[in-house]
Amino acid sequence: MYSQYSTKVIEHFMSPHNVGSMVDYDGKGTYGDSNCGDSLTIYIKVKDNIIEDISFLVFGCTASIAASSMTTVLAKGKTLEEALKITEQDIVDALDGLPENKLHCSNLGAGALKNAIKDYKENKSKLG
């Protein structure tokens with residue numbers, strides 16, 4: 001059943017990193033993919049322009065869970081500018097690839113992360 005996935009995908013599916021909601025988040029971003037119905041929410045905690053903490057909740061398949069987990073691993077500890085540069089291909093590469101029919105799952109991570117950073121910046125500008 002999982003033979004189509006790399007060892008890294010299986011690892012992040014079976015033991016996802018940074019999973020869960022965050023109550024005191026600074027930014028929250030949601031992204032869904034209409035191709036498969038999956039949905040991801042990423043929460044970020046920012047200090048001195050660095051993503052100090054990050055977590056996620058996802059409704060989706062094996063690849064969506066793994067891509068969401070890997071997105072948080074790639075973004076944690078990065079500046080907001082560095083995190084905004086994380087692409088779908090970066091996520092796929094970090095997972096040692098995804099099957100062709102699951103490549104769209106990497107859109108979830110990149111999209112939700114960008115939306116969380118946008119939310120943080122909007123909230124910060126409102127507060128002054």
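**Salt bridges in the predicted model**

The side chains of Lys 45 and Asp 26 meet in a salt bridge, with an N to O distance of 3.6 Å. A salt bridge is defined here as a side-chain nitrogen of Lys or Arg within 4 Å of a carboxyl oxygen of Asp or Glu, and three salt bridges are counted by this rule. This is a predicted model, in which local features need pLDDT of at least 70 and side-chain atom pairs count only at pLDDT 80 or more, while totals for chains, interfaces and linings use all residues. Residues are numbered from 1 along each chain as its sequence is written, and side-chain values use heavy atoms, with hydrogens and water left out.

- The side chains of Lys 76 and Asp 53 form a salt bridge at 3.8 Å, N to O.
- Lys 76 is in the loop between helix H2 (62-75) and helix H3 (80-84) and Asp 53 in strand E3 (50-59), so the pair connects parts 23 residues apart in sequence.

**Accessibility**
- Asp 24 is partly exposed at 48% relative accessibility, where buried means under 20% relative accessible area, exposed over 50% and partly exposed in between (1.4 Å probe, protein chains only).
- Lys 45 is partly exposed at 23%, and Asp 26 at 21%.

Key
Helices (H or I, at least four residues) and strands (E, at least two) are DSSP runs, numbered from the N terminus.
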